[in-house]
Each structure stands twice: as C-alpha cells, then as structure tokens.
Amino acid sequence: MNLKDLRIDRQKWMTWKNIHPLREALETLEDGTWDISSKDIVKISGDFDEKKVNDIAKLLMPWRKGPFEIGQTFIDSEWQSNIKYNLLRPYFDLKDKKVADIGCNNGYYLFRMQEDAPKALVGFDPSPLYKTQFDFINHFVKSEIAYELLGVEHLEFYEEKFDMIFCLGVLYHRSDPVAMLKQLYKGLDKYGEVILDTFYIEGDGEMCLCPESSYSKIPNIYFVPTIGALKNWCTRAGFSSFEVLETSVTQANEQRKTSWIEGQSLEDFLDPQDSTKTIEGYPAPARVYVKLIKDKK
Ligand SMILES: C[S@@+](CC[C@H](N)C(=O)[O-])C[C@H]1O[C@@H](n2cnc3c(N)ncnc32)[C@H](O)[C@@H]1O
C-alpha cells in the first residue's frame, strides 16, 4: 500500500464543506508562547484573544475526549479521559520508546504521554474533525506529535515499527477483530507491547455477544467477548503474552452529557429501570484493559 498517495488523498478531506470553515478559523489564530501543564486537565495558560479561542473551540464541537483548558475556556468533554489514562498510568513507561496511539481521537492521551519523554509519538485516527481539534490544541502546545489521518488497517504498512502501541476503544468497532489484532502485531517492533481496552461480558466461557443492530445505542459495535474469548483472539493473532491489567464499569462521572457535545450520553444509553443493562437489554458497558506482548525475551 502506498501511504504517500493515501496521505495526499486524505489531506483533501480538509476541504470538505463541514471541515473547511474550521480549518479557516484555525488559520486566524495568532502565534505566541504559552505555558503548558498536562495533568488531569491539559492546561494552556498565557495571553490569548479569549473570545476568539472560545468561539473556535465551540466551532469544533463535539468534544468527546479531554478535558482541556485554554485560558478561560474550559473544554469539559463528554469523556473524562483522565480517568482511563490514570488507570493505565502504572502499567507503562514510555521513555525513549516509539509510541503509537491508534484511534487517538483529538490526541488527549498523546498530550499526556509527553511527560515520559518518548522517542516518538504518533497518533492514528481517520477523522478530519478530531485531527482539527488536535491541530487547535497543538497550535498552543507546539508538540512534536505526528498525527496521521490513517486507520489501524494502515499500521502494518507504516514506515516505522513501534515499541508500544495503545489501541483503546477501537476493537469493538471492527467487524474482524482477529484481523485487527494481527494488524497491531505487525505494527510492533521485536519485543513490542500493546495496551488495549475493549468492552467485555462476564462469563467463564469463550463466547461473544453479537449485538443485533446497536449496543448502548452505538450502531457499529460488532463483538463483545468474554475475557476468555478475547485471550483466544489475541493468541490467534500471534501474541505470546496476554495479561489482564484492570476491568471497570463505565460510571456516570466518566461519560456524561456536557455543553461541549450535542445529543445524548451514557445516562440515555442505559435502561432507565436498571442501570446494569443497556437500553437494548444487554449487560451495561464494562471494559477490560490488557497488555499484549509480541515475543518473549
Ligand atoms: C471510541 S473512540 C476511542 C478514543 C480513544 N482511543 C479512547 O479510548 O478514549 C474510537 C476512535 O477510533 C477512531 N477510528 C475510527 N475508525 C478507525 C480506524 N479505522 N482505525 C483507527 N481508529 C479509528 C474514531 O475516530 C475514534 O476517535
């Protein structure tokens, strides 16, 4: 696959009629120097045209991942992504590593990962809106993070291999999960590792929930495995080690409706009489976080 041509082709996405005005708005941002602190909130402080920053941030809605704060503009995203990041934080050290975040959205985790001084940080996400949100934040942060408008399906053709790949919240969106795991495997360097999370269902068996048309009102969810089934997928994809790091049930403080998204959020996706079930009657969303290792040393 020729990624050079694909990149040129995808750059044209920025001229779409819903994206072009956003790109024009970014062009109006002045250059400057700002202070950055990346704790739970990725915070940018200094001198701004506060109204312009707020107007552009609003134009770039919906903000799914965050939070970010730019001067007086607090982007209270639908997801408090700091909760997932903090849960995973004890399980990685990125110093001097080549790191990819597949399905990186607006880059919230990548901005946080800079704290480890990795050798390289590359985000993959085929969404021109999320890339534009990234470019907006990165206008102030001025990071070296590379953002590719590519998907997991392009990883095996990428010019570099990675020491560490994060792939969070993507597997259940893929209609062929074993193929996706193989793509992650091929994106790794020798001894490389993956940190991945996915929805799972409780059970000792090696089985999957296959939602009829939606799961938690999300239409493109194909398979929700037990942990046993997930382990088998990973083994079939070639990984030599599978370790469960954590499990969690999504709580109302992690995903909720804010003024920075339109439409609905978690509370509308669950059965109003029984929050252990989705609106479709399936088990409520729970996540398993795993570490996969390519080859044993
Ligand atoms: C549920 S969000 C997860 C975001 C983030 N990784 C997290 O865990 O908070 C899924 C992300 O995958 C991205 N995505 C869609 N198609 C993709 C593909 N083919 N390869 C990689 N990412 C994709 C979406 O644009 C979206 O940002």
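Start by selecting Pro-62, which sits in the loop that links helix H3 (50–59) to strand E3 (68–70). The model on screen is predicted.

Gly-66 and Pro-67 are joined by a cis peptide bond, with omega about 10 degrees.

**Whole chain**

Coloured by secondary structure, the protein shows nine helices and 15 strands. Its radius of gyration is 19 Å, close to the 19 Å that the globule rule gives for 297 residues, so the protein is as compact as a globular protein of that length. Along the principal axes, the C-alpha atoms fill a box of roughly 55 × 50 × 35 Å.

Two helix pairs come next. Two packed helices are described by the angle between their axes and the distance between those axes.

Select residues 20–27, helix H2, together with residues 128–141, helix H6. The two axes come within 10 Å and cross at roughly 5 degrees. An angle under 35 degrees counts as roughly parallel, so H2 is roughly parallel to H6. Now show side chains at the contact. From H2, pick Leu-22, Arg-23 and Leu-26; they meet Thr-132, Asp-135, Phe-136 and His-139 of H6. Coloured by class, this contact of H2 with H6 has three nonpolar, two polar and two charged residues.

Then follow the chain out of H6 to Lys-142, in the loop between H6 and strand E7 (146–148).

**H7 and H8**

For the second pair, select helix H7 (residues 177–186) and helix H8 (residues 227–236). Their axes come within 8 Å and cross at roughly 50 degrees. H7 and H8 are therefore oblique to each other, and their crossing is right-handed. On the H7 side the contact is made by Pro-177, Val-178 and Leu-181, and on the H8 side by Trp-233, Cys-234 and Arg-236. By class, the contact of H7 with H8 has five nonpolar residues, no polar ones and one charged.

Key:
Residues numbered from 1 in each chain as written. Predicted model: local features only at pLDDT ≥ 70, side-chain atom pairs only at ≥ 80, totals over all residues. Axes fitted to C-alpha atoms, helices over the stretch in contact; angles between N-to-C directions. Helix = DSSP H or I, 4+ residues; strand = E, 2+ residues; numbered from the N terminus. Parallel < 35°, antiparallel > 145°, perpendicular 65-115°, else oblique. Contact = placed C-beta atoms within 7 Å. Nonpolar A, V, L, I, M, F, W, Y, C, P; charged D, E, K, R; others polar. Left-handed = near helix turned anticlockwise from the far one by under 90°. Rg over C-alpha atoms; globule rule 2.2 N^0.38 Å.
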